[in-house]
Amino acid sequence: MRRYLTSMLTAVVAALACAVCAQAQTEESHVRNAPLPPNEVQRIIQSFTAKETQFRQALNQYGFKRDAVVQTIGWGNQITGEFRRVSRFAFDDNGQRFEKVIMAPMSTITEVSITSADIEDLSGVQTFALETDKIPQYNFTYLGKEKIDELDLFVFDVAPKVMPDPKKTKERLFLGRIWVDDRDLQIVKVHGKGVPDDKNNKYPTFETYREQIDGKYWFPTYTYADDQLVFGSGQIVHMRMRITFADYERYRARVRILDDSDVIDQSEQQKKPTPTPTPTPQKKPPM
């Protein structure tokens, strides 16, 4: 059965957390008070972070289709540029996953540069997995519960304990809010952004919904962002992003059963002498 959703300094971290959470104030009004003892809250955190580790490992076993659209928006809500990349993530004969680009028209965005690496970062699939070994890096604040469609969800605010210094490390952490299914104890919705950014690299606040695949794993199916990026130069870029994930398919190793003729052919080939390759002549040094 498939269950789904339709629809640096501590002060610096706190300030950023307030800014991100302010965007979710309309949602916060739907969070109801549902007190839990501290040991139960900790158990839930341990459970969903452990599931995130399983989620990352399981996702590496699946192929899927991703359709990413990034747009810049000008006056009157007009689209001024667009980047699009449609890909199928599949497996080769050796079991290695690769990206096969289905469609990638030339980008018409001029205000900022968008790369495939940015899409990986913005999609919220891998980069910000809140795994067990990352618990010490975060503060988790339990807010209560919220009903979305048929799901009853635990709601947590998440913020780094210490903001990474972008001048010293490329590590980026998650800042925002998560919704955890109260039955599977897996994250089913994420609202937030990657931090830190700097004056030249800005990232929008995104919202990702996950859907249960194969009755086990909550994989992302939809990511959306509509945000204004303010750069150090004073430039403001209104960016809109939509990323969809579909057609999840678990990889299964290809097994070939050899018949007697295949075995004979292979044994005969092994008996044939291997020709000695002709050595490549060495280039003479210039006179």
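Which residue forms a salt bridge with Arg 240? Asp 226 does, and the closest N and O atoms are 3.3 Å apart. A salt bridge here is a side-chain nitrogen of Lys or Arg within 4 Å of a carboxyl oxygen of Asp or Glu.

This is a predicted model, in which local features need pLDDT of at least 70, side-chain atom pairs count only at pLDDT 80 or more, and totals for chains, interfaces and linings use all residues. Residues are numbered from 1 along each chain as its sequence is written, and side-chain values use heavy atoms, with hydrogens and water left out.

**Confidence**

The score pLDDT is the predictor's confidence in each residue, from 0 to 100. The protein chain averages a pLDDT of 79. At least 70 is reached by 74% of the residues. Residues 1-26 stay under 50. For that stretch the model has 53 contacts beyond four places in sequence, a contact being heavy atoms within 4.5 Å. Over residues 275-287 the pLDDT is also below 50. This stretch has zero contacts in the model beyond near neighbours in sequence. Where pLDDT is low, the predicted coordinates should not be read in detail.

**Salt bridges**

The structure holds 15 salt bridges. Side chains of opposite charge can pair when their charged atoms come close.

| Pair | Closest N and O atoms |
|---|---|
| Arg 177 and Asp 157 | 2.7 Å |
| Arg 240 and Asp 226 | 3.3 Å |
| Glu 207 and Lys 189 | 4.0 Å |

Where do these residues sit? Strands (E, at least two residues) and helices (H or I, at least four) are DSSP runs, numbered from the N terminus.

Arg 240 lies in strand E10 (residues 236-250) and Asp 226 in strand E9 (residues 217-230), so their bridge ties together parts that are 14 residues apart in sequence. Burial is judged by relative accessible area: buried means under 20%, exposed over 50%, and partly exposed in between (1.4 Å probe, protein chains only). Arg 240 is buried, at 18%. Asp 226 is partly exposed, at 37%.

Arg 177 and Asp 157 link distant parts of the chain. Arg 177 is in strand E6 (residues 173-181), Asp 157 is in strand E5 (residues 151-160), and the two are 20 residues apart. Arg 177 is buried, with a relative accessible area of 1%. Asp 157 also counts as buried, at 15%.

Glu 207 belongs to strand E8 (residues 206-213) and Lys 189 to strand E7 (residues 187-195), so this pair joins parts 18 residues apart in sequence. Glu 207 is buried, at 16%. Lys 189 is buried too, at 4%.

Salt bridges also form a network, which links Arg 32, Lys 145, Asp 152 and Asp 182.

**Backbone in the loops**

Most residues other than glycine have a negative phi, and most peptide bonds are trans. Which peptide bond is cis, with omega near 0 degrees? The bond from Val 195 to Pro 196 is. Pro 196 is found in the loop between E7 and E8.

Asn 77 has a positive phi, near 65 degrees. This residue is in the loop between strand E1 (62-73) and strand E2 (79-91). Asn 77 is partly exposed, with a relative accessible area of 47%.

Asp 214 has a positive phi as well, near 55 degrees. The loop between E8 and E9 holds Asp 214.
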